[in-house]
Amino acid sequence: MARLSSTALLLVLLAATAGAFALTQGAKLELAPISDTAVDKTFSPTCRCATNVAHIAFHLRKTQRVSIWIERRGQRVATLAENRRFRAGRVSVVFRGRTADGLTLPDGTYDPVVHLAAAHDTIRLPNPIVLDTTAPEITPLGVAPATISPDGDVVNPAVYVGYRLNGAAHAILIVAGHGAVEYTRFQPVRGRLVWYGRFGQRAARAGLYRLLVSAEDAAGNHTKPVTAGEVRVAYVSVSPSSVSVAPGGSFSVSAKTDAKSVAWLFAGVQGHFPAGQLTFTAPTTPGTYTLYVKVGTHAARTVVNVR
């Protein structure tokens, strides 16, 4: 009889232990009230850009009343939702970086907080938001070479502009009157920008261009453009622009280019010469002819008067 009592007691203890284990495991498997949190890391409420607000979003497991606010150093500075009923699913609110009176909050780090009324649970999201209204500073460090020739060869095809930033930001190269021509993908504090003498698919015309540099940080703050220098775009030029020569006589022109050789077309004949001083024989028939000198897709010309 004593043995049966001991066995029964052991079974009761095992059942109680199994029940406690099941309750513990059930508590572990209970879903969190909010999940899939997404919070913008930085923004600038004073910029005219897509990052002038910070988005805060999360998945709410159960329909209930929710309060959402922003704290700085443990003090509430902005209320985004006050005891508002949200349906289960995706919840999205916006932090505009301003007080209830419309004043811009100071630069710094802010913390989003969610309070669930039904569970009497306050959750401080582990996603700090940086409010930053200070534009980065950029210093140009020189422009080289002074002349480029984007004519398809490998001699001086581009101009390089060195720069230095006071913090991480995207550097921007601007051609005055034409807009930005390069925006760095990464945010190194020192580097160089490059322009290949083109605006989209179109090569720049020959002439002098003013180059400026600017910068944009992660919050969207833009630096006022700073002049870096000038670059001349040149392809091929011929001088003089006109010559007079006797029938059958010889004459010379100077072809200035950074290419090693040039193509030419004159009086129905064509050929190639090394760049520099070019010498030709005039036709024996008097008249006005045009000498074309070409590098890549660019050409210059000289009028030849045979008298």
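**Entry 1**

I started with Ile 34, whose bridge partner in E3 is Leu 60. What I have here is a predicted model, where local features need pLDDT of at least 70 and side-chain atom pairs count only at pLDDT 80 or more, while totals for chains, interfaces and linings use all residues. Residues are numbered from 1 along each chain as its sequence is written, and side-chain values use heavy atoms, with hydrogens and water left out.

I noted what the labels mean: strands (E, at least two residues) and helices (H or I, at least four) are DSSP runs, numbered from the N terminus. Two strands pair if DSSP finds at least two bridges between them.

E1 and E3 run antiparallel and are joined by four bridges. On to strand E6 (residues 89–95): E3 pairs with E6 in the antiparallel sense too, over seven bridges. Ile 56 has Val 93 as its bridge partner in E6.

How many residues of strand E3 are buried? Five of the seven are, so strand E3 (residues 54–60) is largely enclosed by the rest of the structure. For the record, buried means under 20% relative accessible area, exposed means over 50%, and partly exposed is in between (1.4 Å probe, protein chains only).

Asp 36 is not a glycine, but its phi is positive, about 50 degrees.

His 120 is another case, with a positive phi near 50 degrees in a residue other than glycine. I found His 120 in the loop between strand E7 (108–116) and strand E8 (121–124). His 120 counts as exposed, at 70% relative accessibility.

**Entry 1: salt bridges**

I used this rule: a side-chain nitrogen of Lys or Arg within 4 Å of a carboxyl oxygen of Asp or Glu. How many salt bridges does that give? The count comes to two.

One joins the side chains of Glu 71 and Arg 124, at 3.3 Å from N to O. This pair links distant parts of the chain, with Glu 71 in strand E4 (residues 64–72) and Arg 124 in strand E8, 53 residues apart. Buried or exposed? I checked both ends: Glu 71 counts as buried at 8% relative accessibility, whereas Arg 124 is exposed, with a relative accessible area of 52%.

Arg 76 forms a salt bridge with Glu 82, and their closest N and O atoms are 3.3 Å apart. Here Arg 76 is partly exposed at 42%, and Glu 82 is exposed at 52%.

I traced an open sheet of three strands next, in the order E10-E12-E15 with antiparallel pairing. Which strands stand at the edges? They are strand E10 (138–144) and strand E15 (190–195); each has a single partner strand, so one side of each is left without a neighbour in the sheet.

E10 pairs with strand E12 (residues 159–165) over five bridges, in the antiparallel sense. Ala 144 stands opposite Tyr 160 in E12.

Pro 145 is in the loop between E10 and strand E11 (147–148). I also looked at Ser 239 to Pro 240, where the peptide bond is cis with omega near 0 degrees. Pro 240 sits in the loop between strand E20 (237–239) and strand E21 (242–245).

**Entry 2: E11, E19 and E18**

I followed E11 to strand E19 (residues 226–233): they run parallel, joined by two bridges. Ile 148 has Val 233 as its bridge partner in E19. Strand E18 (residues 207–216) pairs with E19 in the antiparallel sense over seven bridges. In that pairing I picked out Leu 211, whose bridge partner in E19 is Gly 229.
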